[in-house]
Amino acid sequence: MTPGPWRITFVTNPDDCNLHCVMCDGNSELARLRDGPRAAPRRMPVALVRRILYEQRDGALREIIPSTMGEPLLYPDLDALVDLCAERGVRLNLTTNGTFPGRGAAAWSARLCPVSSDVKISWNGATAATAESVMRGLSFERAKEAARAFVAGRDRIAAAGGNRCRVSFQVTAMEANVAELPAIVRLAASLGVDRVKANHLWVHFDALEPLSLRRSRESIRRWNAAVRASRAAAEETRLPSGAAVLLQNFVELAEQGEPAPRGDCPFLGREAWVTVDGRFAPCPAPGAARGRLGSFGSLSDRPLAEIWDGEPFRSFRERWPAHPVCRTCDMRRQGGA
């Protein structure tokens with residue numbers, strides 16, 4: 001345990017997005033059919049973020065993440081968030097869909113890279129046909145040029161003695177793109193992207209089940225073959241520096257079906273999530289934001305330290321391995337993944 005979280009994710013603007021990725025729990029066509037139209041997009045008051053950062057000024061906090069749902073570059077108060085990071089000496093860790101709305105990639109690079117630890121670009125194909133079928137509304141060719149421009153801006157800042165922000169591709173691994181994973185790794189190397197992080201598909205909707213790579217022995221074999229080929233691609237196709245692209249979560253699965261995870265939770269007692277309406281969540285699992293792990297309180301009316309040290313969260317930390325959501329969580333560490 002640490003004196004408060006080292007990283008906080010603020011769900012700033014989950015409804016703001018200019019794409020409709022097929023797997024998205026908030027902005028896909030499937031989500032629209034499930035939820036219907038919203039009266040107005042939900043957005044977190046930046047005053048809440050400011051207050052929490054002020055309260056954590058003497059704690060362990062080193063990094064914050066703006067919304068991992070929606071497009072954080074569309075958050076109206078993102079500039080204020082960037083300024084808060086600079087003022088408080090914490091790093092920004094941001095995931096964008098790669099369209100770089102508003103300013104364009106070069107200008108966003110100049111704004112974000114000086115205060116960021118990592119900028120992850122959602123990337124779900126090595127060909128236009130695959131990428132655009134997964135990330136509905138994307139132009140693959142424009143996305144490649146934008147990634148190149150963003151990395152070039154990052155490199156200029158670093159060459160001038162500034163912060164060197166890591167740039168990553170974040171892939172949702174599924175049947176639609178598993179065959180292209182090695183080519184995504186090679187593309188990352190050619191663009192100067194440092195890391196490729198793969199996350200297995202969360203099956204938010206029954207219609208997504210056929211895309212899951214965990215669903216059968218045959219699909220697991222396809223994933224395992226892609227893992228081996230991606231590792232080879234990282235060795236064979238190097239970054240301009242000569243370093244290999246870092247691969248994260250490229251871990252083979254047991255062909256008979258992945259056993260229930262038995263490793264540690266990488267989040268509990270280390271990180272915190274603040275939902276768009278201010279509620280505290282202990283981890284990024286979809287069920288956590290919906291209250292399936294319990295009710296811990298709202299930061300809209302209570303300090304984070306009070307919730308962090310409170311009895312409900314303390315009790316959950318002691319008993320979490322037995323919780324049904326945690327027993328089957330895909331994000332628990334296995335074999336150093």
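Which loop holds N249? The views below are close-ups of a predicted model.

**View 1. N249, a non-glycine residue with positive phi.** N249 sits in the loop that links β9 (246-248) and β10 (271-274). Its phi is near 70°. Relative accessibility is 25% for N249, so the residue counts as partly exposed.

**View 2. F100, with a positive phi in a loop.** Most residues other than glycine have a negative phi. For F100, phi is near 45°. The loop in question runs between β4 (91-96) and α4 (105-112). F100 has a relative accessible area of 2%, under the 20% cut-off, and is therefore buried.

**View 3. The largest nonpolar core and V196.** This core has 100 residues. Those with the most contacts inside it are F10, I64, W123, F150, F169, V196 and F280. Beyond its neighbours within four places in sequence, V196 contacts F169, V171, I184, V185 and A188 among others. Its partners also include V245, L246, L247, Q248 and F250.

**View 4. Packing of helices α7 and α8.** Two packed helices are described by the angle between their axes and the distance between the axes. Here α7 spans residues 181-191 and α8 spans residues 217-236. The angle is about 25° and the axes lie 8 Å apart. Angles under 35 degrees count as roughly parallel, so α7 and α8 are roughly parallel to each other. The crossing of α7 past α8 is right-handed. From α7, the residues L181, P182, V185 and R186 take part. They meet W223, A226, A229, S230, A233 and A234 of α8. By class, this contact comprises eight nonpolar residues, one polar and one charged.

**View 5. C283 in the loop between β11 and α9.** C283 has a relative accessible area of 13% and is buried. Ten residues separate C283 from W273 along the chain, and their C-alpha atoms are 6.3 Å apart. W273 is also a contact of C283, as are F267, A288 and L293, with neighbours within four places in sequence left aside.

**View 6. L304 in helix α10.** Helix α10 covers residues 304-308. L304 has 1% relative accessibility and counts as buried. L304 and I52 are 252 residues apart along the chain, yet their C-alpha atoms are separated by 7.0 Å. Not counting residues up to four places away in sequence, L304 touches P5, I8, I52, E55, Q56, F280 and L299. One of these, F280, is also listed among the residues with the most contacts inside the largest nonpolar core.

How values were computed: Residues numbered from 1 in each chain as written. Predicted model: local features only at pLDDT ≥ 70, side-chain atom pairs only at ≥ 80, totals over all residues. Heavy atoms only, no water. Core = buried A, V, L, I, M, F, W, Y, C linked by side-chain atoms within 4.5 Å. Buried < 20%, exposed > 50% of the residue type's maximum accessible area, 1.4 Å probe, protein only. Contact = heavy atoms within 4.5 Å. Axes fitted to C-alpha atoms, helices over the stretch in contact; angles between N-to-C directions. Helix = DSSP H or I, 4+ residues; strand = E, 2+ residues; numbered from the N terminus. Parallel < 35°, antiparallel > 145°, perpendicular 65-115°, else oblique. Left-handed = near helix turned anticlockwise from the far one by under 90°. Nonpolar A, V, L, I, M, F, W, Y, C, P; charged D, E, K, R; others polar.
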